[in-house]
Every structure is written in C-alpha cells, then in structure tokens.
Amino acid sequence: MYGFEPTDEQKMLIDTVQKYATKELREAAHDADEAGGFPPEILRHGWELGVLQASVPEAYGGFGERSAVTGVLAAEELAWGDLAGAMAIMMPGAFALAVLVAGTEEQRKQWLPGIVEADWKPFVPAITEPQFDFGLDDLRTTAERQNGGYVLNGEKCMVPFADTAEAFLVFARLDDRPQAFIVPRGADGLTVGDRDYYLGLGALPTHKLQLQKVKVPTADRLGGEDGFDPAPLAAAGNTAAAALAVGMSRASYQYALAYAKDREVFDVPIAQKQSIAFGLAEMAIEIEAIRLLVWEAAWRLDAGLDAAKEAYLALTGAADMAMMVTDRAVQYLGGHGYIREHPVERWMRNGRGVALFSGLAMV
C-alpha cells in the first residue's frame with residue numbers, strides 16, 4: 001500500500017512550490033483574474049520549478065521518472081496559490097504526459113524534448129465539447145480513416161491558449177472509442193474561435209475550436225496506427241483535477257479559519273460560535289478525505305493498476321467538496337465574502353467548475 005510520508009525529494013519540491021505559490025501566484029491572482037491572464041514571467045517562473053521535467057525521463061529531455069503521486073502533491077500546492085495559474089503552468093504537461101504515457105517511441109522523441117527543454121509554451125489538450133451531456137465516452141468530434149490517414153470533424157470548447165497554441169492534442173471518436181490526434185497550429189480546417197468567458201477561471205484564456213476536414217497523418221495519431229487505451233489518461237486527468245480542487249479548497253478553508261478567529265461579534269471571535277466551529281471542522285474533514293482519495297488514485301497510477309474507479313470517485317467527491325468549502329468560506333466572511341478584494345469569491349466561482357476540469361491537467 002502507499003505511504004503517507006513524502007520522500008525527501010518530494011518534500012523539497014513541495015517546499016519550492018509552496019514558496020512560489022505564496023510569493024508569486026497568490027500575490028498575482030486577483031489582478032490576473034481581472035486582467036484575463038497572468039503575466040508571462042509568472043508562468044515562466046512556475047514552469048522553471050521543473051514539475052513536468054521531473055516526470056520525464058532523461059532520454060526525452062527531463063531529469064526523472066513519471067510519478068503521479070509527486071504530480072498531485074505539486075498540483076495541490078500550485079492550486080493553493082491560484083487554480084487558474086496552476087492549470088496554466090501545468091497545461092503543457094497535459095500534452096506531454098499523454099505523449100509519454102500513450103505515445104509511440106517516435107512521438108516521444110519528436111515532441112517531448114521540444115516541450116520539456118524549452119521555455120513555457122502552450123501545448124494544449126482539446127477534449128471538452130459544447131454539449132451538456134459531454135463525456136469522453138460519447139465524443140461528437142469524429143475521426144475517419146481516409147487516404148492512409150485521418151480526417152477530423154467537430155467542435156471543441158474550453159481549449160486553453162488556443163489562439164497561441166503550438167499544437168493541440170485533439171480527442172475524437174474513432175471506431176466508437178475515444179482516440180487522440182496531434183494537430184499543429186495553423187492546420188488546414190482548424191479554426192480558433194473567440195475567447196470564452198465563464199463564471200470562473202478568469203485568468204485562464206480559453207477558446208472554442210472548430211475542426212472541418214482536418215487531415216492528420218497516421219504518425220500523429222497518439223499511439224500510432226494501433227492507437228491507445230484511453231482509460232489511464234482519463235484517470236490521470238481526473239486525479240489531477242481533484243488534486244487542484246483540494247489545493248484551492250484548502251486555501252479557502254485556511255482563509256476562512258483565520259478570518260473567523262480574528263472577526264469578533266459581541267467581543268467573541270466568531271470561530272467560537274458553535275455553528276461556525278462545526279462548519280469549519282466539516283470543511284477540514286472533507287478536504288482530508290478527498291486528499292486521501294486523490295493519493296490512492298495517484299498511487300494506483302504509479303503502480304500500473306487500474307485507477308479508473310478511484311480517480312472518478314476523487315473527482316466527483318472533489319467537485320462537491322470544493323463547492324461546499326468555498327461557499328462556506330464566502331458565508332463565514334459575511335459581507336466581506338462578496339467583495340472582490342477578498343479571494344474567497346474567486347475561489348467559489350472557480351470551485352463551481354471543478355467537474356468540468358478533467359483533462360485540463362494531468363499527473
């Protein structure tokens with residue numbers, strides 16, 4: 001079974017990410033949400049932490065081995081600083097880890113060094129589709145075999161940095177199962193739409209993506225002609241999204257706790273009021289419970305075991321937990337919770353979308 005004590009290397013990484021999340025991500029998050037994106041130097045500094053590089057073998061430009069456990073530890077700390085910023089920093093990893101896990105040897109050699117060794121650049125997944133019943137097992141975007149390659153048709157939404165992306169990892173239905181195809185920027189038939197605007201993730205620019213008869217050679221089908229099993233990638237995406245939710249929720253809980261200890265009503269801190277004290281305790285319990293589900297899913301991924309159930313439970317639990325925790329944080333701040341100068345309202349807006357974030361990060 002997995003252990004609960006991080007290794008020395010993981011402790012060093014967590015400490016480094018915590019410092020960055022505190023001094024840079026958290027400090028820049030409010031202005032980034034208002035402005036619609038983080039300054040490039042913030043993303044570059046986050047990229048230089050080496051979270052992805054530590055998960056990629058030296059043969060492909062990295063300096064480690066993939067560890068989903070290490071990935072979720074880092075994701076939690078980044079999201080404690082800011083969820084949108086964490087997702088932006090981890091975005092190339094969603095592309096690169098998919099290639100590492102499911103790609104052919106030729107695809108790994110072709111794509112990974114250019115991502116891992118360079119500065120932060122937007123290599124992005126294109127998974128989500130604009131229908132209320134969207135699911136990876138029921139993609140409307142299609143891939144058809146044609147002239148020794150494939151032709152993609154469909155529409156994607158919530159594609160981060162689509163207007164500046166170097167390449168897309170487009171998921172489409174082929175022979176009634178989800179597969180992925182690497183599509184470079186500027187491909188014929190690929191159209192980037194206007195920026196999306198959502199309740200949350202104001203600092204993460206996303207766009208719709210139209211695919212009309214986009215031709216993809218066999219060499220750019222993830223896994224080559226035989227394709228790949230999508231289940232491990234789906235589990236890695238669900239686990240990453242749940243870890244991000246834990247980090248953001250932890251930030252909300254800690255902020256509300258500090259406020260409740262400081263805020264006095266009738267000369268008594270509101271943290272001593274039974275309803276608020278019990279509510280804060282329940283917030284802490286739920287965060288710890290979901291963190292354990294996340295760790296179990298990550299451990300199973302690292303052990304090469306089927307993690308589909310654990311990852312799904314972690315994400316569905318995280319979606320409910322994040323909404324409860326962030327909503328209570330707003331409530332416990334009273335009128336201050338509704339003011340944009342306090343981060344809890346942003347965390348609540350971001351928390352509402354946790355269920356939609358699978359595939360936007362990977363561990």
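**Exercise 1. A strand residue**

In which strand does Phe 171 lie? Work on the predicted model, then describe the surroundings of Phe 171.

*Solution.* 
- Step 1: Phe 171 lies in strand E4.
- Step 2: judge burial. The cut-off for buried is under 20% relative accessible area. Phe 171 has 5% relative accessibility, so Phe 171 counts as buried.
- Step 3: list contacts, leaving out residues up to four places away in sequence. Phe 171 touches, among others, Ala 126, Ile 127, Leu 136, Leu 139, Phe 228 and Leu 233. Glu 129 and Lys 156 are also among the residues touched.
- Step 4: Arg 140 and Phe 171 are 31 residues apart in sequence. Their C-alpha atoms are 9.8 Å apart.

**Exercise 2. Two positive phi angles**

Take Asp 176 and Leu 201. Is each one buried or exposed?

*Solution.* 
- Step 1: read the angles. Asp 176 has a positive phi of about 65 degrees. For Leu 201, phi is near 55 degrees, again a positive value. Asp 176 is not a glycine, and Leu 201 is a residue other than glycine.
- Step 2: Asp 176 sits in the loop between strand E4 (167–174) and strand E5 (177–184). Leu 201 sits in the loop between strand E6 (190–195) and strand E7 (206–217).
- Step 3: check accessibility. Asp 176 has 70% relative accessibility, so Asp 176 counts as exposed. Leu 201 has 7%, so Leu 201 counts as buried.

**Exercise 3. Ring pairs**

How many aromatic pairs does a search of the whole structure find? Work through two of them.

*Solution.* 
- Step 1: count. The search finds six aromatic pairs.
- Step 2: take Trp 111 and Phe 123. Their centres are 6.4 Å apart, with 80 degrees between the planes. The pair is edge-to-face.
- Step 3: locate its partners. Trp 111 is in helix H5 (residues 105–116) and Phe 123 in strand E1 (residues 123–126), twelve residues apart. Both Trp 111 and Phe 123 are buried.
- Step 4: take Tyr 150 and Phe 181. The centres are 5.2 Å apart and the planes stand at 55 degrees, so this pair is tilted. Tyr 150 lies in strand E3 (residues 149–160) and Phe 181 in strand E5, so the pair ties together parts 31 residues apart in sequence.
- Step 5: check burial. Tyr 150 counts as buried at 4% relative accessibility. Phe 181 counts as buried at 0%.
- Step 6: look for a cluster. Ring pairs link Phe 95, Trp 111 and Phe 123 into one.

**Exercise 4. A charge over a ring**

Which residue lies over the face of Trp 80?

*Solution.* 
- Step 1: name the residue. Arg 26 lies over that face.
- Step 2: give the distance. Arg 26 is at 3.8 Å from the ring centre of Trp 80.

**Exercise 5. Two helices**

Which residues of helix H2 (residues 40–47) are buried? Then place Asn 238.

*Solution.* 
- Step 1: list the buried residues of H2. They are Ile 42, Leu 43, Gly 46 and Trp 47.
- Step 2: find their side. These residues cover an arc of only 135 degrees around the axis, so they are on the same side of H2.
- Step 3: find the partners. The buried residues of H2 pack against helix H1 (8–35), helix H4 (83–102) and H5.
- Step 4: turn to Asn 238. Asn 238 is in helix H6 (residues 230–262). At 13% relative accessibility, Asn 238 counts as buried.
- Step 5: list its contacts beyond neighbours within four places in sequence. Asn 238 is in contact with Ala 311, Tyr 312, Leu 315 and Ser 358.

Notes. Residues numbered from 1 in each chain as written. Predicted model: local features only at pLDDT ≥ 70, side-chain atom pairs only at ≥ 80, totals over all residues. Heavy atoms only, no water. Helix = DSSP H or I, 4+ residues; strand = E, 2+ residues; numbered from the N terminus. Buried < 20%, exposed > 50% of the residue type's maximum accessible area, 1.4 Å probe, protein only. Contact = heavy atoms within 4.5 Å. Phe/Tyr/Trp six-rings, centres within 6.5 Å; stacked < 30°, edge-to-face > 60°. Lys NZ or Arg CZ within 6 Å of the ring centre and 35° of its normal. Arc of directions from axis to C-beta.
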